[in-house]
Amino acid sequence: MGDQTRIPDETRIALLIDADNAPAAKIDVILAEVARHGVANVRRAYGNWKSPHLGSWEKVLHEYAIRPIQQFAYSTGKNASDMAMVIDAMDLMYARNLDGFAIVSSDADFTPLVMRLRSDGYAVYGFGQEKTPTPFVKACSTFLYLEKLRAADDVDDGATVRPRTGAQLQADRELVQLLRNAVSAGADDGGWSHLGEVGSHVRNQGSFDARNYGYRNLSALIDAMGLFEVRRNGQAVEIREKPKAAAAKTASRQRGRRTRPAATD
């Protein structure tokens, strides 16, 4: 009954957690992020709850109204939770009571499941650690690295994660090409594109999220890169690629700031 409760017109999301491959300490930010997209009216965590390894998860299940799904390890060295999650996800998909799925795991074995859900029209929000293999990351509608979430939102006291510098962002060829293509796709005769259109374009291509680079949003990431001109008119933001000479000069200044020796007395 609790899993099926629904309110008309709400966006309904199933939160499925691979407790063996996810940190319990991040459940609050995971739920906060899911809430941006809809209501997690299905919340399940999978694992062998007799294992002391899941002690940290067991402590938060009741607090966050997450249903534990017991899965015994039938073979040594095998994660039986994966199969249980896949079966439940398919059952939920065929029930047609949901609008999306949130998968919490760093295990690439869920990639085929994500692809199947998306092919049937469901949004899939992925959450995992930075060690998560690329195929799983890119299969999701959006994917967020758990190490980045608190640092980007400035709510984790003592966080050690720092945003990438402009030079580091420029050195990421995949990111640079992704943004250049997005800006070019929606550019007017002057080369200007609306930031909203650029954001839609990059999200449609993969699991892009500026917070994975340490920035609160795309606008802040664009500013930090130093490769694009930005003009703002009230709430409207437009960007275009800088001429190559200007971009190279910006990159040179950024490298100079990083390598300049400290002043001596």
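By class, the lining of the second largest pocket holds eight nonpolar, seven polar and six charged residues. Nonpolar here is Ala, Val, Leu, Ile, Met, Phe, Trp, Tyr, Cys and Pro; charged is Asp, Glu, Lys and Arg; the others, Gly among them, are polar. This is a predicted model, where local features need pLDDT of at least 70 and side-chain atom pairs pLDDT 80 or more, while totals for chains, interfaces and linings use all residues. Residues are numbered from 1 along each chain as its sequence is written, and side-chain values use heavy atoms, without hydrogens and water.

A pocket is an open set of points on a 1 Å grid over the protein atoms alone, where a 1.4 Å probe fits, with protein on both sides within 12 Å along at least five of seven lines; lining residues have an atom within 4 Å of a point. Volume is the space filled by probe spheres set on the points, joined across faces, edges and corners.

The second largest pocket has about 330 Å³. Among its 21 lining residues, Arg 36, Arg 203, Asp 209, Ala 210 and Arg 211 lie nearest the centre. Helix H9 gives the most, four residues. Helices (H or I, at least four residues) and strands (E, at least two) are DSSP runs, numbered from the N terminus.

The largest pocket has about 480 Å³. Its lining divides into seven nonpolar, five polar and seven charged residues.

Now the sheet. Three strands form an open sheet, S7-S9-S8, with antiparallel pairing; pairing needs at least two DSSP bridges. S7 and S8 stand at the edges with a single partner strand each, so one side of each has no neighbour in the sheet. Six bridges join S8 to S9.
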